[in-house]
Amino acid sequence: MTGGKERAGVLTEISLVLAAVFWGLNYATTKFAALYLPPLSIVAFRFVAGGLLVYGVLRILEPGSKLRREDLLPMAGLGCLGVAVGQTAFTFGLSLTTAANTGLIFATAPVWGLLLGLVLGIERPTLKGTLGVALSVSGVGIVFHEGLTAEGASLVGDLFVLVAAVGFGSYTVLSMRMLGRYSPLAVATYPMLFGGPVVLALSAPSFAGVRWEGVGAGAWAAVAFSAVFATAYAFSAWQAGVSRVGANRVLVYQYLITLTGIASGIVFFGEALGLNKIVGGVVILLGVYLARRSG
């Protein structure tokens with residue numbers, strides 16, 4: 001029996017590592033796809049296809065899971081916030097700025113979730129948490145400053161990514177109520193099923209201006225990777241991992257996402273790490289660590 005628990009623990013760790021790597025690599029793949037497709041259509045394809053795949057996983061693993069009528073609007077709201085707002089801002093931002101900037105700024109999502117928790121009275125302010133928030137905001141300021149001058153970076157793109165980080169952090173906090181009524185996998189699935197079609201409808205007008213014959217196999221492969229590995233697999237594995245090992249333990253894997261995202265930008269797009277970005281990244285990650293450890 002002990003051997004079975006150890007085996008399950010190892011599998012959980014491996015699945016979290018893979019999820020973190022897939023999310024980190026998604027920075028580069030999404031940036032590549034955005035060279036050929038409108039950002040909004042990438043979000044639509046990713047979450048419509050990924051949402052259907054995750055729903056299939058939910059039906060297999062939890063066949064008795066059903067969404068109650070009174071929870072339709074809350075789940076739809078989470079889908080609009082997490083997918084229609086958060087992921088759309090993320091993809092637009094990534095198409096304008098560097099993968100490294102995206103990874104560093106998006107790493108602050110837990111900090112914005114903590115701030116919302118404080119506003120809603122879910123969290124209690126602590127010295128570590130306050131210091132962590134201050135450090136993270138300072139680190140973002142350093143990265144933003146680079147966005148004014150560095151090649152490939154963009155202040156507008158950085159701002160979009162910041163909106164995405166705030167949206168994802170808020171989504172995480174607001175989903176806590178649903179986690180008391182549904183499994184983590186169900187809470188990951190239903191917002192995608194609502195949010196994906198909303199983005200698809202919004203992106204439909206842009207389809208007319210796309211030169212579909214110019215969208216090569218590489219771009220479609222990038223979208224497929226994003227939908228299958230960075231959405232269906234990663235969200236399922238991440239939610240299952242959080243429920244088994246806890247949020248604080250998962251913080252280590254969030255750092256892996258950031259590091260993989262930065263590395264993908266260097267390898268695939270030749271991005272350079274200036275001193276400002278290194279300093280800003282260290283300050284951000286230290287701030288996130290302190291903020292999360294305060295909980």
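How many cavities of 30 Å³ or more does a search of the whole structure find? The search finds one.

1. Basis of the note. The model is predicted, and local features need pLDDT of at least 70, side-chain atom pairs count only at pLDDT 80 or more, while totals for chains, interfaces and linings use all residues. Residues are numbered from 1 along each chain as its sequence is written, and side-chain values use heavy atoms, with hydrogens and water left out.

2. The largest cavity holds about 90 Å³ of space. On a 1 Å grid over the protein atoms alone, a cavity is a set of points where a 1.4 Å probe fits but cannot get out, and lining residues have an atom within 4 Å of a point. Grid points are joined across faces, edges and corners, and a volume is the space filled by probe spheres set on the points. The lining consists of Phe47, Gly82, Val83, Gln87, Phe168, Tyr171, Ala188, Pro191, Met192 and Phe235. Two or more of the lining residues come from each of H3, helix H7 (155-174) and helix H9 (184-203); helices are DSSP runs (H or I, at least four residues), numbered from the N terminus. By class, the lining has eight nonpolar residues, two polar and no charged. Here Ala, Val, Leu, Ile, Met, Phe, Trp, Tyr, Cys and Pro count as nonpolar, Asp, Glu, Lys and Arg as charged, and the others, Gly among them, as polar.

3. The second largest pocket. Its volume is about 210 Å³; a pocket is an open set of points with protein on both sides within 12 Å along at least five of seven lines. Of its 14 lining residues, Val57, Leu61, Ser236, Ala237 and Ala240 are the closest to the centre. Helix H1 (2-33), H2 and helix H10 (217-245) each give two or more residues to this lining, and H10 gives the most, with seven. The lining divides into eight nonpolar, four polar and two charged residues.

4. The salt-bridge network. The structure holds three salt bridges, each defined as a side-chain nitrogen of Lys or Arg within 4 Å of a carboxyl oxygen of Asp or Glu. Glu70, Asp71 and Arg181 are linked in a network. The closest N and O atoms of Glu70 and Arg181 are 3.3 Å apart. Because Glu70 lies in the loop between H2 and H3 and Arg181 in the loop between helix H8 (176-179) and H9, the pair ties together parts 111 residues apart in sequence. For Arg181 and Asp71 the corresponding distance is 3.0 Å. Asp71 is buried, at 0% relative accessibility, whereas Arg181 is partly exposed, at 28%. Buried means under 20% relative accessible area, exposed over 50%, and partly exposed in between (1.4 Å probe, protein chains only).

5. The remaining salt bridge. Arg211 and Glu213 meet through their side chains at 3.7 Å, N to O. Both residues are exposed.

6. Ser41. This residue lies in helix H2 (residues 39-61) and is buried, at 0% relative accessibility. A polar atom of the Ser41 side chain lies 2.6 Å from the backbone oxygen of Pro38. Leaving aside neighbours within four places in sequence, Ser41 is in contact (heavy atoms within 4.5 Å) with Ser203 and Phe207.

7. Thr98. This residue occupies the loop between helix H3 (72-96) and helix H4 (99-106). Thr98 counts as buried, at 4% relative accessibility. A polar atom of the Thr98 side chain is 3.0 Å from the backbone nitrogen of Asn101.

Definitions and conventions:
A polar contact is a pair of N or O atoms within 3.5 Å; within protein, one must be able to donate a hydrogen and the other to accept it, and residues adjacent in sequence count only if both atoms are side-chain atoms.
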